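Please open the model in a viewer with the residue selection panel at hand. The stops below are intended to be followed in order.

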Amino acid sequence: RSSQERERRAVELEARLTSAKLQALRMQINPHFLFNTLNSIAALVYVNPRAADEMLGDLGELLRRSLDSMEEQEIPLAQELEFISAYLGIEQKRFGERLRVEQIVSDDLRKVMVPALILQPLVENAIRHGIEPQRGPGLISIEAKREDKHLHLIVRDNGRGWPGVEVNNSARRGIGLANTQARLQVLYGSDQRFSFGKAEPQGCRVDIHLPFHFSHEPAA
């Protein structure tokens with residue numbers, strides 16, 4: 001009984017440490033995208049004050065959504081896409097017709113559970129390194145599809161790509177990509193895959209494979 005009690009306490013401690021690590025990773029995302037979004041707003045303050053004012057209102061709504069899911073490590077894909085749409089609404093006020101977005105997600109996948117805020121750093125990355133440096137119109141694509149027991153998420157852009165980037169080149173990873181990979185590792189262990197590299201015919205893409213499950217079927 002004493003051995004079983006020690007084992008139970010060890011399992012509880014490990015679960016608490018895992019939860020604390022995940023929460024710390026979540027907290028890392030919020031100030032990162034807040035800082036970058038405020039920079040986007042600041043760029044429009046004198047050029048287009050009305051758009052900057054609207055973006056501040058949108059940012060308030062975005063932060064509310066983020067706080068609403070603060071205690072949840074996983075949320076339905078539909079909720080994650082709503083958050084992304086709100087974020088992209090801010091960026092589209094800045095880029096106008098230069099930024100186009102497409103979502104390729106079937107209705108039967110919208111209830112599948114995904115890590116909260118898993119797409120935001122990837123979309124932000126695509127805007128910063130793909131859309132912003134080029135003068136012409138840019139496209140960001142968000143796709144989800146089921147592959148056997150896994151959900152495959154793809155975020156790609158048609159920008160110029162990162163100079164010299166190769167698939168899974170760890171030297172090119174910023175906070176967003178490193179944070180995303182770390183969260184996937186903590187949540188799903190070896191039952192996940194994360195990769196990024198060149199898109200065809202141009203641009204960058206990020207691929208995520210994670211366990212396919214609904215809210216009543218927690219991932220192992």
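The model is predicted, so local features need pLDDT of at least 70 and side-chain atom pairs count only at pLDDT 80 or more, whereas totals for chains, interfaces and linings use all residues. Residues are numbered from 1 along each chain as its sequence is written, and side-chain values use heavy atoms, with hydrogens and water left out. Helices (H or I, at least four residues) are DSSP runs numbered from the N terminus.

**Helix H2**

Select residues 49–68, which form helix H2. Its 20 residues should span 28 Å at 1.5 Å a residue, and the end C-alpha atoms lie 29 Å apart, which agrees; the expected span is 1.5 Å times one less than the number of residues. Next, colour Ala51, Ala52, Met55, Leu59, Leu62 and Ser66, the buried residues of H2 (buried is under 20% relative accessible area, exposed over 50%, partly exposed in between, with a 1.4 Å probe and protein chains only). These residues cover an arc of only 85° around the axis, which puts them on the same side of H2; the arc is that of the directions from the helix axis to the C-beta atoms. On the face turned away from the buried side, find the exposed residues Arg50, Asp53 and Leu67.

**H2 against H3**

How do H2 and H3 cross? Their axes come within 9 Å and cross at roughly 165° (axes are lines fitted to C-alpha atoms, for helices over the stretch in contact, with angles from 0 to 180 degrees between N-to-C directions). That makes H2 roughly antiparallel to H3, the term for angles over 145 degrees. In H2, Ala51, Glu54, Met55, Asp58, Leu59, Leu62, Arg65 and Ser66 meet Glu82, Phe83, Ala86, Tyr87, Ile90, Lys93 and Arg94 in H3.

**H3 against H4**

The contact (heavy atoms within 4.5 Å) involves residues including Phe83, Tyr87 and Phe95 of H3 and Val123, Ile127 and Ile131 of H4.

**Helix H5**

Finally, select residues 175–188, the 14 residues of helix H5. The buried residues of H5 are Gly176, Leu177, Asn179, Thr180, Arg183, Leu184 and Tyr188. They cover an arc of only 165° around the axis, which puts them on the same side of H5. End at glycine 189, which follows H5 and has a positive phi, near 60°.

Definitions and conventions. Helices (H or I, at least four residues) and strands (E, at least two) are DSSP runs, numbered from the N terminus. Angles under 35 degrees count as roughly parallel, over 145 as roughly antiparallel, 65 to 115 as roughly perpendicular and the rest as oblique.
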